[in-house]
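Hi,

Here is the structure I promised to pass on. Have a look at it first, and my notes on what turned up follow below.

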Amino acid sequence: MKLITAIIKPHRLEEVRDALSTENISGLTVTEVKGYGRQKGHAELYRGAEYVVAFVPKIKLEIVVEDSLASKAIDAVVAAANTNSIGDGKIFVSTIEHAVRIRTGETNDQAL
């Protein structure tokens, strides 16, 4: 099993969710986060005063899939989250050793 962690722009969330659904990938955890990468934040104007936003709002997605679906999930996120502009985000892939569905006690792939 793979854990796919994606950091994307907030306005691309629905597109990513739809793209994953199209690939029959269900189960998604969404967290609102703030951070910065190479862009190091940005400047904004508020009531005539300029101020720097050091941490940019983003969405963190966590998707656990069977190994065979990992590349489809990654491709779906990349295609749906891409705006061809700075700050589109990143994807990280980790291996999951064990999973348990609390309600039924099912484990690993059956727990997904």
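**Around Asn-82**

The side chain of Asn-82 has a polar atom 2.7 Å from the backbone nitrogen of Asn-84. That counts as a polar contact, meaning a pair of N or O atoms within 3.5 Å; within protein, one must be able to donate a hydrogen and the other to accept it, and residues adjacent in sequence count only if both atoms are side-chain atoms.

Before going further, the ground rules. This is a predicted model, where local features need pLDDT of at least 70 and side-chain atom pairs count only at pLDDT 80 or more, while totals for chains, interfaces and linings use all residues. Residues are numbered from 1 along each chain as its sequence is written, and side-chain values use heavy atoms, with hydrogens and water left out.

Back to Asn-82, which sits in the loop between H2 and S6. (Helices are DSSP runs of H or I with at least four residues, strands are E runs of at least two, and both are numbered from the N terminus.) Asn-82 is partly exposed because its relative accessible area is 38%; buried means under 20%, exposed over 50%, and partly exposed in between, with a 1.4 Å probe and protein chains only. Setting aside neighbours within four places in sequence, Asn-82 is in contact with Arg-12 and Asp-88, where contact means heavy atoms within 4.5 Å. Met-1 is 81 residues from Asn-82 in sequence and 25 Å from it in space, C-alpha to C-alpha.

**Ser-85 and Lys-9**

Ser-85 is in the loop between H2 and strand S6 (89-95). With 34% relative accessibility, Ser-85 counts as partly exposed. Its side chain makes polar contacts with the side chains of Lys-9 (2.8 Å) and Thr-83 (2.7 Å).

So is Lys-9 buried or exposed? Lys-9 is buried, because its relative accessible area is 15%. You'll find Lys-9 in the loop between S1 and H1. A polar atom of the Lys-9 side chain also lies 3.4 Å from the backbone oxygen of Ile-86. Apart from neighbours within four places in sequence, Lys-9 is in contact with Lys-58, Thr-83, Ser-85, Ile-86, Gly-87 and Asp-88.

Helix H1 (residues 13-22) packs against helix H2 (residues 70-81) at an angle of about 145°, and their axes are 8 Å apart. Axes here are lines fitted to C-alpha atoms, for helices over the stretch in contact, and angles run from 0 to 180 degrees between N-to-C directions. On the H1 side, the contact is made by Glu-15, Val-16, Ala-19 and Leu-20, and on the H2 side by Ala-73, Ala-76, Val-77, Ala-80 and Ala-81.

The largest nonpolar core has 18 residues, and Ile-8, Val-16, Leu-20, Leu-61, Ile-63 and Val-77 touch the most other members. (A nonpolar core is a set of buried Ala, Val, Leu, Ile, Met, Phe, Trp, Tyr and Cys residues joined through side-chain atoms within 4.5 Å.) Strand S1 (2-8), H1, strand S5 (56-65) and H2 each supply at least two residues, and H2 gives the most, with six. Val-16 touches Ile-8, Leu-61, Val-77, Ala-80 and Ala-81, not counting residues up to four places away in sequence.

**One more from S1**

Thr-5 lies in strand S1 and counts as buried, at 13% relative accessibility. Its contacts, leaving aside neighbours within four places in sequence, are Lys-60, Leu-61, Glu-62, Lys-90, Ile-91 and Phe-92.

Cheers
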